[in-house]
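Keep the viewer open as you read.

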Amino acid sequence: MLKHLLRTSRPCLLSLTLVLSACANFTAVDKPLTQWTPALHQSIGDQISGERSPELLVFLAFSGGGTRAAAFAYGVLHELADIQVMTENGPRPLLQEVDVISSVSGGSFTAAYYGLYGDKIFEDFEERFLRKDVEGELLEEVLNPVNWVRLLSASYGRSDLAAVFYDKILFNNATFSDLRRSGAPVIVINSTDLATGMRFSFTPWIFNLICADFDSYPVSRAVAASSAVPVLLSPITIKSFAGTCGYQPPVWLEDALKEKGITSSRKMEARVLLEYLDKKKRPWIHLVDGGISDNLGLRVFYNTVDFVGDPHTAFAELRHHNVKKILIISVNANATPASEWTLERDAPGLSQVIGAISSDQIGRYSNDTMQIVGASFELWAKQISTPDRPVTMDFVEVSFQAVQDKEKRDYLNNIGTNFDLEDEQVDSLISAAREVLQESPQLKNFIDFSRGNKEQRK
């Protein structure tokens, strides 16, 4: 009965909670980094080392889009687990060869859960998240009188409460140290710095800039920041301890400021990153939905190489100095629903205007991002190639637009970004992701390469 009442009155209740909890954002979980050492910068590369083939460099990016994005990403993981590639260690599931997963918003739930629990995701993630009314249950938490005092304080917001809820249903109080399990890919959860509009990635080196302890930071709070839709959810706030741990920024960060031209993206991001070193300028960092700065989660791969300035060095830091094949899989759950108002004389309403603007902006920016990332990695592959060791790159886009069946494609495009989907919608998203991968010529090319490479080694 209560659940039915909450469902039917959800729009009014959401409006009420926006007013009641309009304060809000810092909860004291941030811990200072006692002492920085250069070894902390190597932690990502160390994690990638192991049984993975050093000749195959595999990047996976999960977009935003609520449970729709989480289910679509989950379908990709399922298919990658079933695909076998040949390595110097014999046949292995392609999923085990994934080196880095970058995610934003809804995709971060899937990425974080897989990073923490591996193949266990195929046993219980659907029940624990994809087929759960997360939206309704979170609303119940907000409306619980027990939480009202905290929500009305100046140091606790709706996203703080959401992080506690995510721990309860998914993450079990895990921290980023728990993501460094044996065999796991590096998980990069992305959010947006509200003050600058720039991407803020939850990585050791970003936390080193502000002398904050990365290992102790809760995964649930990173996911909450990555999916903190402005206005509906409050920012997640991180305290800066910059200047207290002896951190020395890399040379390439200073070099980026010396580049000619004031519009260089590398130069602009370097300015933001260097601001983090001054605690007086940025004592607090307020984070919101990662989809605002990069809805595909792809730019972290581009920036990893672009910032260093030398692909040889960048790939070596990822323990792939002998790479032969680069695979990038972009899982894009962005939808383009049919707009019936385009057929009418009456002007569209405010919500329709906002929806159209945001959808178009995300779509165009995402297309630009894919072109930049694809072209850049093709160039970098050529730069590190030698006559006897050519390096090639395959870019796979898993999107609704790649679904061949029009009826199914239209159905997917009309699934919303809420966190409460019907079972049929979840099933369709999972199966569609698997089908697109199965039919991808770029992925087939990568698989054929691994088999041919195995024959060459014989």
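Asp133 counts as buried, because its relative accessibility is 6% and buried means under 20% relative accessible area, with exposed over 50% and partly exposed in between (1.4 Å probe, protein chains only). Asp133 sits in the loop between helix 6 (121–130) and helix 7 (134–143). A polar atom of its side chain lies 2.8 Å from the backbone nitrogen of Gly136.

A word on ground rules: this is a predicted model, where local features need pLDDT of at least 70 and side-chain atom pairs count only at pLDDT 80 or more, while totals for chains, interfaces and linings use all residues. Residues are numbered from 1 along each chain as its sequence is written, and side-chain values use heavy atoms, with hydrogens and water left out.

**The whole chain**

The protein chain has 20 helices and ten strands; these are DSSP runs numbered from the N terminus, helices being H or I with at least four residues and strands E with at least two. Of its 458 residues, 55% are buried. Take the contacts (heavy atoms within 4.5 Å) between residues at least 6 apart in sequence: 81% of them join residues at least 24 apart. The accessible surface comes to about 20,100 Å², and carbon and sulfur atoms hold 55% of that (Shrake-Rupley method, 1.4 Å probe; for residues, only the protein chains shown count as cover).

**Helices and their cover**

Back to helix 6: its buried residues are Ile121, Asp124, Phe125, Arg128, Phe129 and Leu130. Their cover includes helix 4 (66–82), helix 5 (106–117), helix 7, helix 9 (158–171) and helix 19 (423–439). Helix 13 (residues 265–275) buries Arg266, Lys267, Glu269, Ala270, Val272, Leu273 and Leu274. Those residues pack against strand 6 (199–202), helix 10 (204–209), helix 12 (251–257) and helix 15 (299–308).

**Strands**

Strand 8 (residues 284–288) pairs antiparallel with strand 5 (residues 186–193) over two bridges, and with strand 7 (residues 236–239), also antiparallel, over four. Pairing here takes at least two DSSP bridges between the strands. In strand 8, Val288 is the bridge partner of Thr192 and Trp284 that of Lys239.

Over in strand 4 (residues 98–104) you'll find Ser103, which is buried at 0% relative accessible area. Its side chain makes a polar contact with the side chain of Ser108 at 2.9 Å. A polar contact is a pair of N or O atoms within 3.5 Å; within protein, one must be able to donate a hydrogen and the other to accept it, and residues adjacent in sequence count only if both atoms are side-chain atoms. Beyond its neighbours within four places in sequence, Ser103 touches residues including Phe62, Val188 and Ser226.

**Rings**

There are 26 aromatic pairs in the structure. Phe176 and Phe214 form a tilted pair, because their ring centres are 4.5 Å apart and their planes at 35 degrees. Pairs of Phe, Tyr and Trp rings (six-membered ring for Trp) need centres within 6.5 Å; planes under 30 degrees apart count as stacked, over 60 as edge-to-face and the rest as tilted. Phe176 is buried at 2%, and Phe214 at 9%. One aromatic cluster includes Tyr74, Phe125, Phe129 and Phe419.

Two charges sit over rings, meaning NZ of Lys or CZ of Arg is within 6 Å of the ring centre and within 35 degrees of the ring normal:

| Charged residue | Ring | Distance from ring centre |
|---|---|---|
| Arg181 | Tyr114 | 5.7 Å |
| Lys325 | Phe449 | 5.4 Å |
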